[in-house]
Amino acid sequence: MENLFTAVKRESAVDIVINNIKQLLIDRRLLPGDKLPSELEISEGLGVSRGSVREAMKILSAFGLVDIKVGNGTYVCESPGHGLIDSLLFSFFITNPNIESLYEFRQFFEIDILELILNHYDKNSRFAQR
């Protein structure tokens, strides 16, 4: 009887906007350099407030996925941000890699990390003292 009623997690209005934009990127319906519709068009299309759209754009901008040009509009970034995480997120959202590619990337990445650790391993380091 206890499993009959379970709460369904609802998306916030900001999450609705972010997830829709991410899906458009994954589906390649939005491409790097594309101009996004206005805040009003997005808010009316998704049934959310303009404030929610504005907040979502700030978050997407922080991740380096969109570029907000005051007075000109919001665009999908043509290149990733400067940080490693920004670059990885941008690449993931834009290229929509398949699982095999992700495993291959992970394997190369982990091997490189292990090689760095082994090359810089010092018997007097704190790792060796454990």
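Guide: Numbering runs from 1 along each chain as its sequence is written, and side-chain values use heavy atoms, with hydrogens and water left out. As this is a predicted model, local features need pLDDT of at least 70 and side-chain atom pairs pLDDT 80 or more, while totals for chains, interfaces and linings use all residues.

Visitor: What makes the pattern of the protein chain α-α-α-β-β-α-α?

Guide: Helices (H or I, at least four residues) and strands (E, at least two) are DSSP runs, numbered from the N terminus. The chain has five helices and two strands, and reading along the sequence gives α-α-α-β-β-α-α.

Visitor: Why are S1 and S2 said to pair?

Guide: Pairing takes at least two bridges found by DSSP between two strands. S1 and S2 have four, in the antiparallel sense, so they pass that cut-off. Lys-69 is bridged to Gly-73 in S2. In the hairpin, with three residues between the strands, Gly-71 has a positive phi near 80 degrees.

Visitor: Why is Glu-78 called exposed?

Guide: Buried means under 20% relative accessible area, exposed over 50%, partly exposed in between (1.4 Å probe, protein chains only). Glu-78 has 66% relative accessibility, so it counts as exposed. Its place is the loop between S2 and helix H4 (84-95). Of the 130 residues in the chain, 20% count as buried.

Visitor: What makes a nonpolar core, and which residues have the most contacts inside the largest one?

Guide: A core is a set of buried Ala, Val, Leu, Ile, Met, Phe, Trp, Tyr and Cys residues joined through side-chain atoms within 4.5 Å. The largest has 16 residues, and those with the most contacts inside it include Val-17, Ile-21 and Met-57. Helix H1 (13-26) and H3 each give two or more residues, with H1 giving the largest share, five. Setting aside neighbours within four places in sequence, Met-57 is in contact (heavy atoms within 4.5 Å) with Val-17, Ile-21 and Thr-74, among others.

Visitor: What is the volume of the largest pocket, and what makes a pocket?

Guide: On a 1 Å grid over the protein atoms alone, a pocket is an open set of points where a 1.4 Å probe fits, with protein on both sides within 12 Å along at least five of seven lines; lining residues have an atom within 4 Å of a point. The largest has a volume of about 260 Å³, meaning the space filled by probe spheres set on the points, which are joined across faces, edges and corners. Among its 15 lining residues, Ser-38 and Glu-39 are two of the closest to its centre. H3 gives the most to the lining, three residues.
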